[in-house]
Amino acid sequence: MYKAVNKALNDVFFDGRYSERPLYLVLDKRSRGELADRLKEKEDEVEAHCCAIVGKSLDKTGNPYSFHQEILNAWLRDRRRGLPPFTALLYTLSHAAEIMVSDGNFSSANYYQRLAEVTGAGHQRLSQYGFATEHFWEELSKWLAATNYVFGQPTARPINAFKYVSLALSQAIVREADRHSFHHMFEKFGFTGTEAISEQEIYEYISSWIHGTKSTPRLRKAWTKSEFRPRICEAAVAELQEWGRDVVTEGAGAGTVSTRLSLAATISQRFPSRVLNLKCGIEKAVESEVALASANGFPAVLENSILGNFATVGPPSTFDTAAFLAQGAVYSRTDGNGELRWRPKLVVPLSRSEKGPYWVEVTRVARGMEHLVLVRSDKRTKESVEQLLSDIAQPGFTVATPEKLPGLPRGWLLYESVRIIRLPDDDVGPDLQPLTPVSDGNSLILTGGLRLLRNIWHRRGPPVVSAFSPGATVRIEASQGIESSGEVFARSEIKPDTTSLNLDPTGLPASGQVFLTAKSSNLVVASASFLARTANSPQPLNRQGLGLLEYRSIGTASQADGQHPSEGSINGFTSTFEPATIVDASLFRKTGDVDNSDGEEEYASAQKFVADQLVAGIVDRKTSLAGVSVEEVLKMSCVERGLHVWIYPPLDPSEGKPAIINAYCKDCHHTVSMRRGDKRKTARQVIKSNRLMSVPVTPASAASLKSSIDFDLLLDAISFLGSGGWEALESLTASQIQQPWQIQALARDCSWLGHLDCELEKGSGRLRRWSVPEPTLAYRNSRAGVLSGFRSSRLLKGTVQRVEDAGGKLERRRIQGQVSIMEVIGLSPDQARVALANLKDPHGRKIRVVDLAAERLAAAVDMFDDVFELCTPITAGVSNSLESYDLASGRWRRATNFSKDGAYRHQDTGVTYLYRDPSGKVVQGPHELVKLIHARKHGVKLHAYDPETRMFSCRLGCEPVGLLGRTLVASSGELPAAVQGRSTFANVAPTVATSVLKALYMGELPL
């Protein structure tokens, strides 16, 4: 019976719902129902049933946990294989703590009395052997860390003098109803869900909110105990990160719920200047587009057509940036499930998102983090902001104007490189509150590096650690451990107020478990922890039955049937097809015949297209009140007038003395949270400062933030994750990639190189899902093969050793703009199979050795003959942004209408590509296929092959899609070179060229 209960609880707690989130071993309503279904018990009796079964497993004499210690030891001897066999015991300990919390009596005696009642064991023995339970909690934490927090992050830790009781108590302080009550606090203080807020900062909000009637009585009582407050703050931060995830789900029945929209910003390079692109939406991946209506009645949608993790409102024709910033916006859901709203503000801070290459609006700045700040450029606001920043920000910030930064509307300024390092000495009015951190307490923040998942960084890209301790000296210490410090391996300098620590990747502990403390006078004032991981210890494969993809068609992969390619499918460079042998010279044309155009790289061209349309679409609005009548002024928004009229609510004695209050504008109802100690100043009061400086203007030609992309590091990080969606790849590459379009290009290049299998969205060709195929040694000739697929340092080291022992050599070729080529030289395919026979990757998969890899892929291409499967018929409407593809020049040109046949693109929902035939029928598809249809209709060849040089070439932006590109790249192991408007693939055999050209030019057109 115990095994059945333990399995049921494992199935409930470790089903992936808690991935990366704090794990508490208590049941909410949903999981209680699931457990009841699994055990065939009544929902209101299932908890008592589980505890009773655990009680029967307790020994009647001596240590009651002897049986559980035995199964724990056996599990450890088996190297923690499988799920923990002691989950039911820990759940029972936690459930007893839940009952104690409900009683409000937090004594040790009360806990053991409750544990005795639910288990039927003796009270005295349970108390006597309470120390024995600590080992189980420790092993659970170690297992969660060893599995990279796939099943949740450990939360069990001592919180008061009753050490062993408090381990269980830490699970039960905040319950389901308490977490839901936090939502009122988030709404009250204007959170958007995009905030990266610390536990110290959330403490200030909870302190102000907790005494009101919207918090639960149990939570209010727990808050009175100072030792419980860190756990309550921890739970609140976790709930904020999950808050609002389902608000925009179709059919959610939200009624009149109003969802706050946020701004997102990207700064793209458009030589010789930069362009600011502001979008409005929600930081979320929506499963399907949400239909909206704007206030003027025009239809709009919320969808992830531009960013994987930020759903934007579009089309651009419904989003006038200047009007949006000045007046705000309201969109209603056409299904009646509420509205989405953005209220205008004079000051809008944005922080760099951890989820992608963009900046996202936050309620207020966080100390030590870099920000952009949008500011209304009227004289009084500008002076107030610059004086405040001179007082509290690190020197070095600059200001961009509309003249220097296209995309920034008139009447606005953008301050860049703003990093707040101190709180202001003087009080600050409501308009400037977004620029002041909410907390003046101690804090520890982790920024930069290559973040893999929540609280997990790549070992070769650890975070920079910064500590703040106002008014005192502070230092940072790094030691080995998860929840407590071990041996210290790195220290920062001791400095007043703030210090930072750059961790040396080579000095990190072998376990990858890093515990960080900020100390002031040897007193720990803040702490944090993270894991350092590589592909040597990757995430599990095929989680929840999803992840592994394979190709059964040319254009896109789909869900795999198992861990190896099914018959007639492709996985990486692995193909079971017999090599192609047919050569059709009639399909070949010399490369010079294609060189009749300039050509352009499509991703860069699309970026310029979006930037040009954005700048052209900004309405030149009047920004001065000179000559405006009183009646017209009264019709303006507060931001247009440059003035909010703030109202301070009376304090409610029944709610105690809140640390934070909300001031609101009587005209537009915009609400701002501010510390209660701030004086009620006018919105325009200027802060006096002795540090006032002249803010330098950002040069128009200044390069956007760049990073030198380490593609080998990225491949290791991608191999660590193993699989995911567009949003997962966007989050992973946030610190490496600066422009959204680069993610799609990275996915394509890694797919061609055999490192990723990609599922693409029909119609757009945008990435939906990806997975890393098994490691493969793909031979391009009889004595040289290229490693592709999963890659880790340990696997490479083992390969080097075995190849050298067999008389061969593993060479690394570094090529700019792609992953290093790892080539085995000097061994035949049969010799390589023998040499690598016993070598496995961390998932237990052997390296597959494939001879004649390109020819085998070409044979698959012959079988998968529908190159246009990603194209879909649509009914095209009218677009304000339209360009047509000029076959003669190979470039996109401005189009005034959509009446002629040809290839077109617009940016109503991302950049969309269409082909219209002479009869008026339209298909939507990836840019490569839309251009190909247009070219074939007019008898133009975009691709050619020269058998003498074995060079396959095509116009830039017209590269063969999917498996066709992979087949060509497999011939050399290198991505194509861009030369004089063409992409050229090297070392392509005639049989391979025949299959690719046949697929491109002999397949049936979709129209």
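**Burial, charge pairs and backbone geometry**

Tutor: Helix H24 (residues 853–863) is mostly covered, nine of its 11 residues being buried. This is a predicted model, in which local features need pLDDT of at least 70 and side-chain atom pairs count only at pLDDT 80 or more, while totals for chains, interfaces and linings use all residues. Residues are numbered from 1 along each chain as its sequence is written, and side-chain values use heavy atoms, with hydrogens and water left out.

Student: What makes a residue "buried", and what makes a run of residues a helix?

Tutor: Buried means under 20% relative accessible area, exposed means over 50%, and partly exposed lies in between, computed with a 1.4 Å probe and protein chains only. Helices are DSSP runs of H or I with at least four residues, strands are runs of E with at least two, and both are numbered from the N terminus.

Student: Which residues of H24 are buried, and what covers them?

Tutor: The buried residues are Ala 853, Ala 854, Glu 855, Arg 856, Leu 857, Ala 858, Ala 859, Ala 860 and Val 861. Their cover includes strands S24 (570–571), S25 (574–575), S32 (776–781) and S36 (848–850), together with helices H26 (962–969) and H27 (990–1001).

Student: Why is Asp 37 called exposed?

Tutor: Asp 37 has 56% relative accessibility and therefore counts as exposed. This residue belongs to helix H2 (residues 29–39).

Student: Which residues gather with Asp 37 in a patch on the surface, and what makes a patch?

Tutor: Glu 43, Asp 44 and Glu 45 gather with Asp 37 in a patch of negative charge. A patch is made of residues with over 30% relative accessible area and no salt bridge; like charges are joined within 9 Å, and nonpolar side chains (Val, Leu, Ile, Met, Phe, Trp, Tyr) within 5 Å.

Student: Why is the pair of Arg 769 and Glu 759 called a salt bridge?

Tutor: A salt bridge requires a side-chain nitrogen of Lys or Arg within 4 Å of a carboxyl oxygen of Asp or Glu. The N to O value for Arg 769 and Glu 759 is 2.8 Å, so the pair meets the rule. Arg 769 lies in strand S31 (residues 767–771) and Glu 759 in strand S30 (residues 757–760), so the pair ties together parts that are 10 residues apart in sequence. By the rule, the count comes to 49 salt bridges.

Student: How do you know whether Arg 769 is buried or partly exposed?

Tutor: Arg 769 has a relative accessible area of 23% and is therefore partly exposed.

Student: What ties Glu 823 to Arg 813?

Tutor: Their side chains meet in a salt bridge of 3.4 Å, N to O. Glu 823 lies in strand S35 (residues 821–825) and Arg 813 in strand S34 (residues 809–813), so the parts tied together are 10 residues apart in sequence. Glu 823 is buried because its relative accessible area is 3%, whereas Arg 813, at 24%, is partly exposed.

Student: Why is Ser 673 called buried, and which residues is Ser 673 in contact with?

Tutor: Ser 673, in strand S28 (residues 671–675), has a relative accessible area of 6% and is therefore buried. Contact means heavy atoms within 4.5 Å. Leaving aside neighbours within four places in sequence, the contacts of Ser 673 are Phe 189, Tyr 205, Arg 364, Gln 433, Ile 660, Ile 661 and Asn 662. Ser 673 and Arg 364 are 309 residues apart in sequence, with their C-alpha atoms 9.3 Å apart in space.

Student: What is the phi of Ser 417, and where does Ser 417 lie?

Tutor: Ser 417 has a positive phi of about 55° although it is not a glycine, and it lies in strand S13 (residues 412–419). Its relative accessible area is 34%, so Ser 417 is partly exposed.

Student: What is the peptide bond from Gly 314 to Pro 315?

Tutor: That bond is cis, with omega near 5°. Pro 315 is in the loop between strand S6 (311–314) and helix H14 (321–327).

Note on methods: Areas by Shrake-Rupley, 256 points an atom, 1.4 Å probe, with all protein chains shown as cover. Lys, Arg positive; Asp, Glu negative; His and termini not counted. Charge placed at Lys NZ, Arg CZ, Asp CG, Glu CD.
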